[in-house]
Amino acid sequence: VGRLGCRPRPHPRQRPWRVLFAGQLWEGKGPQIAIEAVSRLRNQPELPSVELDIYGSGTERFVDQLRTMIEGYGLSRQVHLRGLVPREQLVHEFQQHDLFLFCSIWDEPFSIVLQEAMASGIPTIATTSGGTPEGVRHEQTGLLVPPADAQALAAAIARYMNDATLYEGVGKAAAADVQAQWSFDG
């Protein structure tokens with residue numbers, strides 16, 4: 001997995017957490033669920049603050065819906081729509097963030113972006129929709145949550161925040177697992 005650059009990732013502790021969503025911006029991929037989860041976390045003062053970067057593109061109508069949602073929740077300083085970026089930049093972003101969210105609602109059979117994120121060592125939260133549970137083993141190589149459940153997603157983020165051993169172990173295990181099974185070079 002050479003170009004993905006897995007590195008040890010220490011627990012962020014109490015500093016602001018940088019969370020990453022990457023995918024096509026449409027309802028089935030669930031970026032709206034990630035935004036709602038960040039809103040729910042904001043109401044928990046015992047937890048560190050969260051910044052969510054959303055990478056990808058979609059229809060103007062759906063992107064406008066996301067902007068309206070961000071503004072409606074008062075999250076314009078915490079949630080950023082970054083647009084579509086080259087794959088090399090996305091790989092770099094895996095290293096700059098603390099968590100990767102895979103919020104798919106539809107029965108997605110397989111996600112290369114999810115596998116690349118896991119190979120980089122970034123701890124991941126993914127939904128149980130589609131084929132995702134075949135690639136993410138709950139509490140071993142990531143955390144799994146039900147699709148379209150912002151409360152469960154927020155709780156999983158909080159769990160990583162409160163459990164350094166889980167956070168560090170999952171990232172290492174995911175990277176080793178994906179690197180043993182897949183190649184992204186070439």
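Colleague: Where is phenylalanine 110 found?

Modeller: In the loop between strand S4 (99–102) and H4. Bear in mind that this is a predicted model.

Colleague: And why is phenylalanine 110 called partly exposed?

Modeller: Its relative accessible area is 40%. Buried means under 20% and exposed means over 50%, so with 40% phenylalanine 110 ends up as partly exposed.

Colleague: What makes Phe110 part of a nonpolar surface patch?

Modeller: A patch residue needs over 30% relative accessible area, and phenylalanine 110 has 40%. Phe110, Ile112 and Trp182 make the patch, which covers about 290 Å².

Colleague: Which pocket has Phe110 among the residues nearest its centre?

Modeller: The second largest pocket, where Phe110, Gln115, Gly131, Glu134 and Gly135 lie nearest the centre. This pocket is lined by 13 residues and has a volume of about 180 Å³. H4, helix H5 (132–135) and helix H7 (164–181) each supply at least two residues of the lining. By class, that lining divides into five nonpolar, six polar and two charged residues.

Colleague: What about the largest pocket: what is its volume, and which residues lie nearest its centre?

Modeller: The volume is about 350 Å³. Of the 21 lining residues, Ala22, Gly23, Gln24, Arg87 and Val113 lie nearest the centre. Helix H3 (87–96) and helix H4 (112–120) each give the lining at least two residues. Its classes are twelve nonpolar, six polar and three charged.

Colleague: How many cavities of 30 Å³ or more come out of the count?

Modeller: One. The largest cavity holds about 50 Å³ of space.

Colleague: What lines the largest cavity, and how do the residues divide by class?

Modeller: The lining includes Ile33, Phe102, Cys103, Val145, Asp149 and Leu153. It divides into ten nonpolar residues, one polar and one charged. Asp counts as charged, so Asp149, which is in the lining, belongs to the charged class. Strand S5 (residues 124–127) gives the most to this lining, with three residues.

Colleague: Staying around there, where does glycine 121 sit, and is it buried or exposed?

Modeller: Glycine 121 is in the loop between H4 and S5. Its relative accessibility is 3% and the limit for buried is under 20%, so glycine 121 counts as buried.

Colleague: Now the charges. How do you know that aspartate 53 and arginine 18 meet in a salt bridge?

Modeller: The rule asks for a nitrogen within 4 Å of a carboxyl oxygen. Here the N to O distance is 3.0 Å, so the pair passes. Aspartate 53 lies in strand S2 (residues 50–55) and arginine 18 in strand S1 (residues 17–22), so this bridge ties together parts 35 residues apart in sequence.

Colleague: What are the relative accessible areas of aspartate 53 and arginine 18?

Modeller: Aspartate 53 has 2%, so it is buried. Arginine 18 is at 27%, so it counts as partly exposed.

Colleague: What about arginine 67 and aspartate 64: how far apart are they in helix H2 (residues 60–72)?

Modeller: Three residues, so about one helical turn separates them. Their closest N and O atoms are 3.1 Å apart, and the two form a salt bridge. Arginine 67, at 42%, counts as partly exposed, and so does aspartate 64 at 33%.

Colleague: What makes glutamate 139 and arginine 159 a salt bridge?

Modeller: Their closest N and O atoms are 2.8 Å apart, against a limit of 4 Å. The pair links distant parts of the chain: glutamate 139 is in the loop between H5 and strand S6 (143–145), and arginine 159, 20 residues away, is in helix H6 (residues 150–162). Glutamate 139 is partly exposed at 39%, as is arginine 159 at 32%.

Colleague: Which residues do salt bridges with shared partners join into one network?

Modeller: Arg18, Asp53 and Arg82. Across the whole structure, the search finds nine salt bridges.

Conventions. Residues numbered from 1 in each chain as written. Predicted model: local features only at pLDDT ≥ 70, side-chain atom pairs only at ≥ 80, totals over all residues. Heavy atoms only, no water. 1 Å grid on protein atoms, 1.4 Å probe; cavity = no way out; pocket = protein on both sides within 12 Å on 5 of 7 lines; lining within 4 Å. Points joined across faces, edges and corners; volume = space filled by probe spheres on them. Helix = DSSP H or I, 4+ residues; strand = E, 2+ residues; numbered from the N terminus. Patch = residues over 30% accessible without salt bridge, like charges linked within 9 Å, V, L, I, M, F, W, Y side chains within 5 Å. Areas by Shrake-Rupley, 256 points an atom, 1.4 Å probe, with all protein chains shown as cover. Salt bridge = Lys/Arg side-chain N within 4 Å of Asp/Glu carboxyl O. Buried < 20%, exposed > 50% of the residue type's maximum accessible area, 1.4 Å probe, protein only.
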